[in-house]
Amino acid sequence: MSDLNHSKIIKDFPTLDLKVNNHRLVYLDNGATTQRPLQVINAMRSYAEGSHGNPHRGAHFLSTKATEEYELAKEAVRNFINAKSTEEIIFTKNATESLNLIANSYGMENVHKENEIVLLISEHHSNILPWQRVARVKEAVLKYMYVDDQGRLPLEEIERKISDKTRIVAMAHMSNVLGTIFPVKEIIDYAHSKGALVVIDGAQSTPHIKVDVKELDADFFVFSAHKLMGPMGIGVLYGKKDLLESMPPFLLGGDMIEYVYEQEATFAPLPFKFEAGTQNVDGAVGLRAAIEYINKIGIENITAYERILTGYALEKLLSIPYIRIQGPKIAEDKGGLISFTIDDVHPHDTASILDTYGIATRAGHHCAQPLMRYLDIPATSRASFYIYNTKDDVDQLLEGIKNVRKWLGYGS
Ligand SMILES: Cc1ncc(COP(=O)(O)O)c(C=O)c1O
């Protein structure tokens with residue numbers, strides 16, 4: 001299927017050995033979170049055993065070790081997304097916190113009455129709710145760009161919605177429901193020509209396709225470690241240095257200050273200004289190990305492999321008459337994620353029945369209720385792939401889907 005050493009990759013993931021309901025686990029919920037390789041698990045364990053201390057606070061051995069680990073992780077992230085400097089990399093809890101930081105700090109300061117904020121209808125709630133609050137408080141206007149029936153964003157829609165009144169465009173690089181990879185470079189260029197800044201939610205794209213924030217010219221870019229084989233509880237906010245410097249801190253407290261007086265305080269330089277309190281060094285160590293793991297395989301190889309797998313799954317699913325696929329139906333337009341519905345079956349029933357065969361998929365609105373309303377469906381089933389999935393996993397899914405129909409009395 002590709003020249004990757006697949007049997008070796010699969011051995012790196014202990015969870016894939018699990019038996020679920022007496023079946024081999026087929027893990028197809030990578031859009032929600034990914035499994036971790038031994039390289040990540042071991043790096044975190046070795047940090048806990050030999051380097052754990054509170055970083056940036058002490059002169060002793062362990063504090064210094066923890067600081068070094070934290071800074072190495074920053075550098076790994078900088079290099080991974082090709083940012084200019086680690087001053088532009090802020091560690092947060094997850095993509096959600098990164099988006100809240102941007103909205104509360106940049107948005108509240110720079111969006112004014114009657115300015116417009118433009119979102120995509122397919123946004124995750126994490127990239128909607130913070131902007132709803134900014135719009136409400138600042139009396140700004142929230143506008144949506146709508147996708148076509150193939151889940152793509154037409155050029156006319158971009159030109160219709162982004163205007164001289166737009167202050168911020170906030171959108172996902174890749175939709176967590178449609179799987180569409182949006183042409184963010186073109187949208188960023190267009191938004192900049194209108195004087196707007198662009199916030200890219202890279203939660204779904206960063207694990208699977210090459211991200212180069214310099215080439216994209218993104219103003220802000222966010223993602224979570226747990227979707228790229230790293231641990232939960234650590235996320236990334238990239239922001240252009242001049243923007244971050246102009247912004248007020250989001251959270252206040254220890255580690256983000258320069259001097260504190262009785263009535264006021266001055267703040268530490270970037271990136272520390274945005275990293276209040278003790279940071280998640282365990283998470284940073286795991287994130288770095290995950291990035292190193294991806295780099296060893298090669299992100300381009302990951303993209304190419306998943307494209308083949310997605311193409312295979314799409315071809316099979318499209319040949320089943322009672323399956324409806326949401327979003328692009330060709331692998332070249334999307335990442336490794338397929339949302340579908342089975343005629344006459346609620347997605348929650350689909351997920352529960354598939355689970356009895358050891359197949360992990362996701363069902364629901366996928367934190368994208370405005371999109372569900374726009375598509376006029378209550379929910380979908382979602383199968384999402386990563387580098388450790390195989391054609392055999394796709395075949396198991398297809399077999400499972402036939403069983404869903406049989407269980408519910410429709411035949412296959
Ligand atoms: C597109 C998108 N944005 C944001 C998020 C939020 O990620 P997190 O829960 O890690 O903050 C997700 C999670 O599913 C997502 O798919």
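Guide: Helix 4 (residues 95–110) packs with helix 5 (residues 129–138) at an angle of about 20 degrees, and their axes are 9 Å apart. This is a predicted model. An angle under 35 degrees counts as roughly parallel, so helix 4 is roughly parallel to helix 5. Their crossing is right-handed.

Now the residues in this contact. Helix 4 brings L99, N100, A103, N104, G107 and M108. Helix 5 meets them with P130, W131, R133, V134, V137 and K138. By class, that contact divides into seven nonpolar, three polar and two charged residues.

Next, the ligand. Its surroundings include N94, A95 and T96. H124, S126 and N127 are also among the residues around the ligand.

Another helix pair can be read in the same way. The axes of helix 3 (residues 61–81) and helix 10 (residues 281–297) come within 9 Å and cross at roughly 40 degrees. That angle makes helix 3 oblique to helix 10. The crossing here is left-handed. From helix 3, the contact takes A66, E69, Y70, L72, A73, A76, V77 and F80. From helix 10 come V281, A284, V285, L287, R288, I291 and E292. Twelve of these residues are nonpolar, none is polar and three are charged.

Four strands form an open sheet, in the order 13-14-17-16, with antiparallel pairing. Strand 13 (323–326) and strand 16 (362–364) are the edge strands, each pairing on one side only. From one strand to the next, the twist averages 30 degrees. Within the sheet, strand 14 (residues 337–342) and strand 17 (residues 380–384) pair in the antiparallel sense over four bridges. Follow L337 across: its bridge partner in strand 17 is S384. Helix 11 (residues 299–318) lies across strand 13, strand 14 and strand 17. Against strand 14, helix 11 runs at about 15 degrees.

Note on methods: Residues are numbered from 1 along each chain as its sequence is written. This is a predicted model: local features need pLDDT of at least 70, side-chain atom pairs count only at pLDDT 80 or more; totals for chains, interfaces and linings use all residues. Axes are lines fitted to C-alpha atoms, for helices over the stretch in contact, and angles run from 0 to 180 degrees between N-to-C directions. Helices (H or I, at least four residues) and strands (E, at least two) are DSSP runs, numbered from the N terminus. Angles under 35 degrees count as roughly parallel, over 145 as roughly antiparallel, 65 to 115 as roughly perpendicular and the rest as oblique. A crossing is left-handed if the near helix is turned anticlockwise from the far one by less than a right angle, and right-handed if clockwise. Two residues are in contact if their C-beta atoms, placed from the backbone, lie within 7 Å. Ala, Val, Leu, Ile, Met, Phe, Trp, Tyr, Cys and Pro count as nonpolar, Asp, Glu, Lys and Arg as charged, and the others, Gly among them, as polar. A residue is near a molecule or strand if its C-beta atom, placed from the backbone, lies within 6 Å of it. Two strands pair if DSSP finds at least two bridges between them.
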